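Work through the exercises below with the sequence and the model open beside you. Try each task before you read its solution.

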Protein chains: 2
Amino acid sequence: MDVDRVLVVGGGPAGLEAAHGVASLGRRVLLVEGRDELGGTPYASYATLTPDLSDATEAMRGMIDRITDNPLVDVRLGTRVVASSGEAGGFRVALEGKDGEKREEAAAAVIVATGFQHFDPGRETQMYGYYEYDDVITLVDAEKMFREGRIVRPSNGEAPATVCFIQCVGSRDRQIGNKYCSKVCCGIASKQAIEIRRMVPGAKVFIFYIDMRMYGFWEDQIYWKAQEEYKVNYVRGIVTEVIRKGDKLLVKGEDTTMGRPMEVLMDLVILSVGMEPSRGTVEMSRIFGIPREEHGFLATVGGPLDTVSTPVPGIFVAGAAAGPKDLEDSISMGGAAAMKAAALLARMGEGALR
Amino acid sequence: MDVDRVLVVGGGPAGLEAAHGVASLGRRVLLVEGRDELGGTPYASYATLTPDLSDATEAMRGMIDRITDNPLVDVRLGTRVVASSGEAGGFRVALEGKDGEKREEAAAAVIVATGFQHFDPGRETQMYGYYEYDDVITLVDAEKMFREGRIVRPSNGEAPATVCFIQCVGSRDRQIGNKYCSKVCCGIASKQAIEIRRMVPGAKVFIFYIDMRMYGFWEDQIYWKAQEEYKVNYVRGIVTEVIRKGDKLLVKGEDTTMGRPMEVLMDLVILSVGMEPSRGTVEMSRIFGIPREEHGFLATVGGPLDTVSTPVPGIFVAGAAAGPKDLEDSISMGGAAAMKAAALLARMGEGALR
């Protein structure tokens, strides 16, 4: 069996960067992706990247091409890892294609990059009417429209005159069970607000938030820009309910800066849905025996001084499979995981393993 | 000359991780550090790490030991890079020791990990009286006391009954010239607030903030914990002035949630000072010809899809030399930069360079 290589599970930004990194160190990679294409969430669902508003398809295309053109990388699309045995230096995995055919493969190390899924805003206590009202959409639904160069009210196909974002949907919420902050939604909403103001210059755009988590350069490069150049209105407030009023949506809550109840009519409401562990992440936890940390993501060891090593020797994690991550995090982790997996192969070569 | 190796400049978390990463791939490293010891800011100035409150000295000691014990890593303390020539695959640098002696060295690739310096809160428009009042200190001054297991008012050596943190000192401030958010100060202040409540259980501790940027797991693991277990008081407000009143400090400003002016007496005021490019970072920009981005940190290329490549081929950056970074960022970037530098050496070995 072909053991002298690294298995990368997941072909989104973190997995693509990890696979490229391992190959650039002269090591072979087996890259397994459940979907029929590489590129992950940005390629499947996003029009532009945060923070630089670059074209997501084009940017991810570059990452995909350098993998598919690489003779050291064996890509398996539409394929899932369904079983695993062995240990660092000699993992054996069963892969299953969409046709149900199984195949056994081997690898010395594994990088899990199975990412996140968006919170389902129709779940449980969420009072935002996502499944009731056509004009209540999510960040992801908005991106899909942006890919067609437009933003409209799904109910009538017309450009919205008033739009609001509701932040922290499925995040920072003990009742829902997701106590963590999803890290990227403030940045993505602000980026989308800019895009809406570009597409519909007359639209009034509001963002209802608890804290704007525009860390680092996002502060001035997105947040200030949204306010100063694009006149996006940021309102610190809690939205408690969205109901229909005529052909509009009535957003009710409290403006916590003004200290008063708030009722505003909107044409379009965009829910800033957070991150949860993807189905693939949960499956890889089970199959490889990787413990999950208290929020359900894959556990790492070493606190802030090791971002990619899981408690299982020889298995590393990159990107949002380990918790809410922005693109930079995923890329840096992909590179770091590639380094650690290749280092394990180097130690094997010296006979230090097995 | 000894060209088949990687020069790492800076021995903080990012540089130590980068050096270890390169060595773990079987490549040699020349690690140059201006101070007389490795470990960077956490080792020199911090008692505990954010977010896990682990002992900073012990944690960094582990990173330092695996470098000093590594035969592939040549460490030069008290040494600065003072000149450079050549290009990717063949850089030549002049090093200068504290005795003024110069020495020429060679390396195929360079990783710059020269980090940040804390904002000087006595500068220009800052009205917080840092240089006037003994009991106005910074996050760093507080850590120094924590290392001795205590927190006291410098004016009289007594435990403070009332303490407040002022966030965003030198950050998010157009007037000062630092438009960016420094990313880590909300986390560090909250961590310190917990530590103060542990050391002085009777103390009332306040944090005056604009937005609490407790992204990801920091939300519940630090922010909720500080409020629920340690009764830290978070007040959304702007502090405009700190003046002496008797033997206490009068903190004046506006509580923006309550919408009213605020005047509170404090025993101890802690300024949450932000990050600026360190002197070493500015020097490396000049010596290696690495452009600085608009905020003064080292520029990278590739937007969010490449966090460590600078515009100069063969030169990579890791950690806060590239902007405000938390520990996880610095560690991930250190690993990613190690991978890319070692990949360059691998390409050289194949004759693709030079």
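Helices (H or I, at least four residues) and strands (E, at least two) are DSSP runs, numbered from the N terminus. By that scheme W218(A) is found in helix α6 of chain A. The model is a predicted one, in which local features need pLDDT of at least 70 and side-chain atom pairs count only at pLDDT 80 or more, while totals for chains, interfaces and linings use all residues. Residues are numbered from 1 along each chain as its sequence is written, chains are lettered from A and ligands numbered from 1 in the order in which they are written, and side-chain values use heavy atoms, with hydrogens and water left out.

**Exercise 1. The surroundings of W218(A)**

Decide whether W218(A) is buried or exposed, and list the residues that W218(A) touches beyond four places in sequence.

Solution. Begin with the cut-offs: buried means under 20% relative accessible area, exposed over 50%, and partly exposed in between, with a 1.4 Å probe and protein chains only. W218(A) has a relative accessibility of 5%, so it counts as buried.

Next, use the rule for contact, which is heavy atoms within 4.5 Å. Not counting residues up to four places away in sequence, W218(A) touches T50(A), P51(A), K183(A), V184(A), G187(A), R213(A), Y223(A), D326(A) and E328(A). As a further check on distance, W218(A) and C186(A) are 32 residues apart in sequence, while their C-alpha atoms are 9.6 Å apart in space.

Finally, look at the backbone of some of these neighbours. The peptide bond from T50(A) to P51(A) is cis, with omega near 10°, and P51(A) is found in the loop between α2 (40-45) and α3 (56-68) of chain A. In chain B the bond from T50(B) to P51(B) is likewise cis, with omega near 10°. K183(A), in the loop between β10 and α5 of chain A, has a phi near 75°, which is a positive value in a residue other than glycine.

**Exercise 2. Aromatic rings between the chains**

Find how many aromatic pairs there are over all chains, and classify two pairs that cross between the chains.

Solution. The rule comes before the count: rings of Phe, Tyr and Trp (its six-membered ring) pair if their centres lie within 6.5 Å, and planes under 30 degrees apart count as stacked, over 60 as edge-to-face and the rest as tilted. By this rule the count comes to 17 aromatic pairs over all chains.

One of them joins Y180(A) and F217(B), whose centres are 6.1 Å apart with 75° between the planes, an edge-to-face arrangement. This pair crosses from the loop between β10 (162-169) and α5 (185-199) of chain A to the loop between β11 (204-209) and α6 (218-228) of chain B. Both Y180(A) and F217(B) are buried.

For Y215(A) and Y215(B) the ring centres are 5.0 Å apart and the planes stand at 55°, so this pair is tilted. It also crosses between chains, each partner lying in the loop between β11 and α6 of its own chain. Y215(A) is buried, with a relative accessible area of 3%, and Y215(B) is buried with a value of 3%. Ring pairs then link Y215(A), W218(A), Y215(B) and W218(B) into a cluster.

The last step concerns charges, where a charge sits over a ring if NZ of Lys or CZ of Arg is within 6 Å of the ring centre and within 35 degrees of the ring normal. The charged end of K183(A) sits over the ring of Y215(A), 5.6 Å from its centre, and the charged end of K183(B) sits over the ring of Y215(B), 5.6 Å from that ring's centre.

**Exercise 3. The interface as a whole**

Describe the interface of chain B and chain A by its contacts, its buried area and its salt bridges.

Solution. Start with the contacts: 61 residues of chain B are in contact with 61 residues of chain A.

Then take the buried area, which is the accessible area (1.4 Å probe) that two parts lose on being put together, summed over both. The two chains bury about 4700 Å² between them, 59% of it on carbon and sulfur atoms. In chain B, F217(B), P304(B) and L305(B) lose the most area to chain A, together 16% of what that side buries.

Last, a salt bridge is a side-chain nitrogen of Lys or Arg within 4 Å of a carboxyl oxygen of Asp or Glu, and the rule finds 10 across this interface. R174(A) forms a salt bridge with E228(B), their closest N and O atoms being 2.8 Å apart.
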